[in-house]
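The following paragraphs lead through a protein structure, beginning with a single residue and then widening to the whole chain. Please keep the sequence and the model in view while reading.

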Amino acid sequence: MNIVLRGARDWVEEGLAGWDRFWFKPALPHTLALIRILAGAMLLYTHFVWSLNLEAFLGPSSWITADVSRELHGNSIWAWTPLWHIESPAMLWTLHLTGLVVIAMFTVGLFSRVTSVLSFLLAVMYCHRLEGALFGLDQVNTMLAMYCMFGPCGAVYSVDRLIRRVRAGGPLPEPEPSVGANVAIRLIQLHMCVIYLFGGIGKIKGDTWWVGNAFWMAVGNKEYQSLDMTWLVHYPVLCSLLAHITVFWETFYCATVWPRWTRPITLAVAAAVHGGIALFLGMITFGLAMLIGNLAFVPPEMIRNLAAWLAGERGRGGEEGVDLERAPPQRARRRGAAVGVNDQ
């Protein structure tokens, strides 16, 4: 009995330790910062598009009026938005242009702690008003903006850091790993798993995915075609195989994306699926937004080293790129050993 109790206690302790490592192990902010730049740029683009016919979408005589929008939400208090109450075109344009400026500041990382919160609130505000004209892209944009609030998304690759560097009068030390960066990335990772899990379950409920016709029906639909893929009709086995691979990958993404040996395969399939959606089905922005979410599974050390390589730095001694070939041997060894892949 004592052996059983000790085993149970060890199992619980290991589980709690794993939980603590998963959520609260400090991580570098480089992955979160890259997501801020890309997700912010996508958010800025999608909100700029509303400007092309702003009053038709959001004005008092819009295609979907404020009253209809409230009805579509079931008059829920949780879906409130100030855009329901703006009737002046001048006020609407002022709010819209101000919002674009805020999102642009968030993208470049200026006052990122504040602008990340404001960008999320703006995204939610537009989503609540534009019920009936939404797309999955808007939901993914809002999700990424929300999680950027929880971590130091402007710690690197930002105007905030450039300002700190100017004030310091020289190079800054590399940002310290933080719990906030890890929590933000973990939340994005888990949310991506939920999205794919329910997407896979939804496909399983449809007969066309079981039969294998769904892939052909997607690429053969000329309403969404950006490239003619109808030649695939001559390869029904290939179409069926791709349909079943898609369902398997999407359903089991939440399991295969975590182990180190299956993660590269899972992310490669994600790149193929969403790249295909972007190139062949005309949904470029949605495909890119999902790929941005998948970046949460790329270790920050890899992104940091890739950025250093793109900047022409031969070594990595800090964010400013100390050349290891010129560093003292002992220091170079310490810094080289510090560049590892975070188990993320």
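Y157 is partly exposed, because its relative accessible area is 26%; here buried means under 20% relative accessible area, exposed over 50%, and partly exposed in between, with a 1.4 Å probe and protein chains only. Y157 belongs to the loop between helix 7 and helix 8, and its phi is near 50°, a positive value in a residue other than glycine. A second residue with this feature is F111, whose phi is positive at about 50° although it is not a glycine. F111 sits in the loop between helix 5 and helix 6. As background, most residues other than glycine have a negative phi.

The model is predicted: local features need pLDDT of at least 70, side-chain atom pairs count only at pLDDT 80 or more, and totals for chains, interfaces and linings use all residues. Residues are numbered from 1 along each chain as its sequence is written, and side-chain values use heavy atoms, with hydrogens and water left out.

Seen as a whole, the protein has 16 helices and 0 strands. These elements are DSSP runs numbered from the N terminus, namely helices (H or I, at least four residues) and strands (E, at least two). The C-alpha trace spans about 70 × 55 × 55 Å along its principal axes. Of the 344 residues, 42% are buried. Contact means heavy atoms within 4.5 Å; among contacts between residues at least 6 apart in sequence, 76% join residues at least 24 apart.

The accessible surface comes to about 18,700 Å², and 69% of this area belongs to carbon and sulfur atoms. Accessible areas come from the Shrake-Rupley method with a 1.4 Å probe, and for residues only the protein chains shown count as cover. There are 26 positive and 24 negative side chains, and the centres of the two sets lie 10 Å apart. In this count Lys and Arg are positive and Asp and Glu negative, while His and the chain ends are not counted; each charge is placed at NZ of Lys, CZ of Arg, CG of Asp or CD of Glu.

Two helices show how the interior is built. Helix 6 (residues 112-129) has 18 residues, so at 1.5 Å a residue it should span 26 Å, and its end C-alpha atoms, 25 Å apart, agree with this. The expected span is 1.5 Å times one less than the number of residues. Buried residues of helix 6 include S112, F120, M125 and R129, and their cover includes helix 2 (30-50), helix 5 (89-108) and helix 7 (136-148).

Because 10 of its 13 residues are buried, helix 7 is largely enclosed by the rest of the structure. Among them are D138, N141, M143 and L144. The buried residues of helix 7 pack against helix 2, helix 5, helix 6, helix 9 and helix 14.

The largest nonpolar core has 31 residues, and those with the most contacts inside it are I35, L144, I188, M192 and Y253. Helix 2, helix 7, helix 9 (179-204), helix 12 (236-256), helix 13 (263-280) and helix 14 (284-294) each supply at least two residues of this core. A second, separate core of 17 residues includes W50, L83, L92 and V102. A nonpolar core is a set of buried Ala, Val, Leu, Ile, Met, Phe, Trp, Tyr and Cys residues joined through side-chain atoms within 4.5 Å. Leaving out residues up to four places away in sequence, M192 touches M143, Y253, M290, G293, N294 and F297.

With the same exclusion of residues up to four places away, T266 touches W249, Y253, T256 and V257. T266 lies in helix 13 and counts as buried because its relative accessibility is 3%.

Two further residues illustrate opposite surroundings. R304, in helix 15 (residues 300-310), counts as buried at 5% relative accessibility. V211, in helix 10 (residues 207-211), counts as exposed at 54% relative accessibility. Beyond its neighbours within four places in sequence, V211 is in contact with S240 and H244.
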